[in-house]
Structures are given as structure tokens and as C-alpha cells.
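Open the model in your viewer and keep the selection tool at hand. The tour goes stop by stop.

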Amino acid sequence: MEYKAPVEAYAGVVREVTVGKAKKSMKIGGENILPLHSFDEGSNPNPARFALEVLDMTPQDWPDHLVEPFRDAVSDPVTWAKKCQGFGVDAVSLYLMSTDPAVKDTPADESAALAREVAESIDVPLILYGSGDETKDAEVLPRVAEVCDGLNLLIGPVLKENYEVVGRAILDHGHTAIAQSPLDINLLKEMNVKLGKFFPPERIVIDPLSSALGYGMEYSFSLIERVKQIGIMTKDSMTMMPIIANLGFECWKTKQAKENREQGLLWEGITALSLLMAGANVLVLRHPESLRLLKETMEVR
Amino acid sequence: MVIIGENIHVIANAVSTAISQRDPKVIQDLARAQTEAGAHYLDLNVGPMKKDTEETMEWLVNAAQEVTELPLSIDTLNPVAMEAGLKACKNRPLLNSASGRTNSKEQMLPLAQKYNCDVVISVMTDKGMPPDVESKIESIMDTVAHANDLGIATEDIWVDPILLPISTAGEGQRFTVLNLEFIEILEDVLPGIKSTVGLSNTSNGVPEDLRPHLNRTYLVMLDRNGLYSAIADPLDKELMGLIKGEMPEVVELIYKTMDGEELDLSGLPEKQVEYVKTARVLMGQTLYSDAWLDS
């Protein structure tokens, strides 16, 4: 008797989210199939997107093998961002690290001007992360949204502590939001429900927090997997959003990545590959060489 | 449904202060209020009891008995306090609780036999909490057999499957579903046995004002599956009304949700919609979040 493999069809569809404007735009998400389930019914219209991260200040604790590809550019975020484009990125991610009161407490106006300059000097969409300090972000991110009005940046993190003010500014100025919650599916859904009360869900991207290999990556993996399953299989509207894995930051904090170049590249590459397999739609890395390795590995498949 | 009033609990500051200062008023007010509200038993939860164990327990039992005729549920893991409590009871008490742990089998279970009382036995064992329905059943059958050997009749045993908070990251909903199933099959595997749950555990960690929604709905669901009793808040009028059959339309909707029926919520009053949404998260049909009523 001939064997016929079972084919599943799914009820849910991840919302297709557009980031950026006109020629500088990309679509993410949109799949109605689980990651790597190419044998099932459904499709993923948009491949995973990759971004490299740029800091708004000269990196202080980066190992030399991470600084090396950008050595002449790390003191100027605009030059650095332009340089990223040479490495085949779909987007650039600007991290406003210096705005953190514990770092440099850079004023909102200054950061907003920088964000606009970076966004205008590159040919790909801009992802923008605030420092994560919920109080300072509530000043900085709305100012960024205003100054970059209409450019449709992907802005976050929108947190439960500041979603009303930050979310409102992102909405009013035509951007897309990154809703972040701390590695917990129930809190993740709650965040989206609350934000979704005034914010269109088709302009939300989920950041579940991406831990590095050896530092809890399996939690991030399970969570991303679960978000996809609940969205695509049970059609839960509040989890049917694309996912961003902001992992470069977490990987390059580790002792292992700092120790030597090869180990660092693999640390970031393996973390990215794992989260990609779990279902991440956008991945933010730091080292162009680990990005190249990741793409090469995907092509082998 | 037998309701064991939960309000005399050492976690409440007023109760804890009243016990340490030997001030009967707070205890007796709570005992009277719960009795009038229709409780069938009163739970006296004294916690671990580090000092003056026997004297404290005896004082507490007598304080309650001065104002209520209801039987008491002596709630402690300390066997010395337990024995003092059981000894002081005028009516046949409930020993709350024993388990399949070795020390409980050795020190608690014999007290149930000695004082000829009803006994709550949880599914817990030396290995901890059994993770699924099968292992819960297996563990309770072992402990019940052991209790039977000691001369405790199956009819006197109230099985506690141990409820866990629904808000436990990712896992909580699995347990709300699994415990419904456990209660449903319990009577088949151990005919004549009774059951109980610590109802408000389900909503632990949930915003305070939303907790009653979960407690009420879950009690209706457990009741349908054959639950015999619950340690719950008799002062929650809506909860008591529900199990007394005063809200048949709500119960009907909860049952339909349990059966997986597609319900059109558009024409329903807000309150009924909330019950349906709550039943859906308790059944694991939709992913739980603290904003479950808003989505």
C-alpha cells in the first residue's frame, strides 16, 4: 500500500507588517504555516529578515573581534549604519544605548535628531530600540517618533509600564511598534491586548526577549515556538504578529563570545539559527560574519 | 456542593494578630459570618505553628465553637497541632490534610483513624506533585489503599488533586484542564470516595479584583464533573448563588463552553460574556493572560 504523508492546514495567519516607506520598506510575517513545516499546507510569503545593530555611542565593552569589521565607523552611527549595508542586511537597528540615565543620559532631542539622520542616510528601513529604561524611553521614543514622522520606523521596546505614552506617539506619527514582555506567554498576550485597545494589531511586532545560547536560549526558543503555535494553530488574534529576535546584544554580553572570534561568531550564529527555526521573523545581530555564516547555513538546507 | 469556609486563615493579618493576642472577636466574627452565609464546614488554617502549638490550637477551636455549630476543618501540616485541634472538636471534624508523603502517612493518617474523622488526602507524594492525570490517580490509589489498611473507610476520604494558579507561565492552564479531568474520573476508579479542592489557589497571582471570576466559574465546572466539596469563600454571594442554582442561564453557558460549542456572544449581557470568556481560559481553549476579559 502506498504511504501518504498527512498534510496539515492551519486556521491562523500571522499579520503581514510593513516597516519603512516606499523603496526603503520591507514586509515581515504573513505566514499561515508553522516554521519549517514546508510539507504542510500554507506558505510564508516573506523570508526572515536580518538586521545589524548600530549603537549611538562608541562601544565600551566590545571585544576587538566584534569592533574590527566597523573599526573606522564605530564613533559615528551614520557611517556605521551605511557600512552595515555592505553586508547584505534587510534593515539596520539603531540602539539608543547612551540615552540610559546610567550610561550618558543623552537628551531626547539629540537622539531624535540622530535617528532621523541615520534613517535618511540608509537605503533600508530602520529599527530603533530605546535604552529599555521605561521612564527615559517614555521621553525619548515619543520624541523620536515625532522627529521621524511618517518614516515608519520599527520602534521599541513598548513596555507595560509605558505603552500608553510610547504607543500613542508611535501610532500618531505613522510608525510600527515593538511590544516587549519578559519571557512569558501570558504577559506577552496581555501586553498585546492592552496595546491593541488603541493600537492597530497589524502594526505590532512581538519581542519576547531573546536569551543567548547557554543563558536561557531554550526559554526564548520555546516561547517563540509557542507564540507561533497558538497564533497559527488556534488562531489567537493576540499572538498572530511577527516576532523580532534582538539577539546580538545578548550574545555579545557572554564571556564565551568575548573570549575569541570564532567562538563569538558561532555563539551569535547558533543562537540566531535556533531562534530562526523557532519562528522568528526578524533577527538583529551584531557581527557581519555571523550573519554571513547564518545565511550560508540556511542556503545549504 | 459542600463548602468549607476559607476565611479563618493565618495569612490574613487580622487573623494572625487575633491568634497571637488571643483575641476571639475577629475569629468569632468570621465564624458567624461564614455560618450565616451558608458554609457547611469552617476551615481553621493555622500555618506551621512554631510555638505553644497545642494550647493555641485548642484556644482557636474553642473560640470558633462558641459561636458556631458547624463542623471544623483543622488545616495544618503540624501533627501535634492537628491532634490538639481534633481532640478539641465537639462535632466530627475534617483532618486537612494528609498526603502520600511518608511522614504524612506515618504521622497524620493514623490521627484520622484515632479520632474517627473525615480526612483530606492530597495527591502529593515523596516525589512531589504528580505531573499528569495518570500519575495523580496512581498516587492517590496507593495512599487510599494505605489508609484503608489503617482502618479508614474510603467514604471518609476527601481527595485533593491540588489546584495550581492558572497564571503560572505557560503551564497553569494545563493544570486547570487536567484537574477537571481528574475529578471526572475519580469516582470511577475509587467508588464512594469524596473530593475537595482549595479553590482560590486557581486564581493566585491574578489581579485581586479579577480573582472571583476564575473561582466562581471553575467551581461550576468542577461541580459538573462531580466535585464533592471545595474550600472557598462563602462570603462571595455570587459564588454561593451559582452553586445553589440561582443562575441557571450562566451555568448553562459554562457547560456549553466546556462542551466546545461555538457560542455567539454578541447578544449576551456583559456578565454572561465574562463567564464564557473565563470558562474558555479555564478549559485551555484560549491562551490565558491577565487581560482575558478584554480580548
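Strands here are DSSP runs of E at least two residues long, numbered from the N terminus. The model is predicted.

**Stop 1: before the strands.** Select A:Ala5. This residue sits in the segment that precedes strand S1 (16-21) of chain A. Is A:Ala5 buried or exposed? Count the C-beta neighbours inside 10 Å: there are 6, so A:Ala5 is exposed. The cut-off for exposed is 12 or fewer. In sequence, 35 residues separate A:Ala5 from A:Asp40. In space, their C-alpha atoms are 9.7 Å apart.

**Stop 2: the sheet.** Show chain A as a cartoon. Eight strands make up an open sheet, and they pair in parallel. Read across in this order: S8-S7-S6-S5-S4-S3-S10-S9. Which strands stand at the edges? They are S8 (204-207) and S9 (244-246) of chain A. Each has a single partner strand, so one of its sides has no neighbour in the sheet. From one strand to the next, the twist averages 25 degrees.

**Stop 3: one pair inside the sheet.** Select residues 91-95 and 126-129 of chain A. These are strands S4 and S5, paired in the parallel sense over four bridges. Pick A:Val92 next. Its bridge partner in S5(A) is A:Leu126. In general, strands of a sheet pair through backbone hydrogen bonds.

Technical notes
Residues are numbered from 1 along each chain as its sequence is written. Chains are lettered from A and ligands numbered from 1 in the order in which they are written. This is a predicted model: local features need pLDDT of at least 70, side-chain atom pairs count only at pLDDT 80 or more; totals for chains, interfaces and linings use all residues. Two strands pair if DSSP finds at least two bridges between them. Axes are lines fitted to C-alpha atoms, for helices over the stretch in contact, and angles run from 0 to 180 degrees between N-to-C directions. A residue is buried if 20 or more other C-beta atoms lie within 10 Å of its own, exposed if 12 or fewer, and partly exposed in between; C-beta atoms are placed from the backbone.
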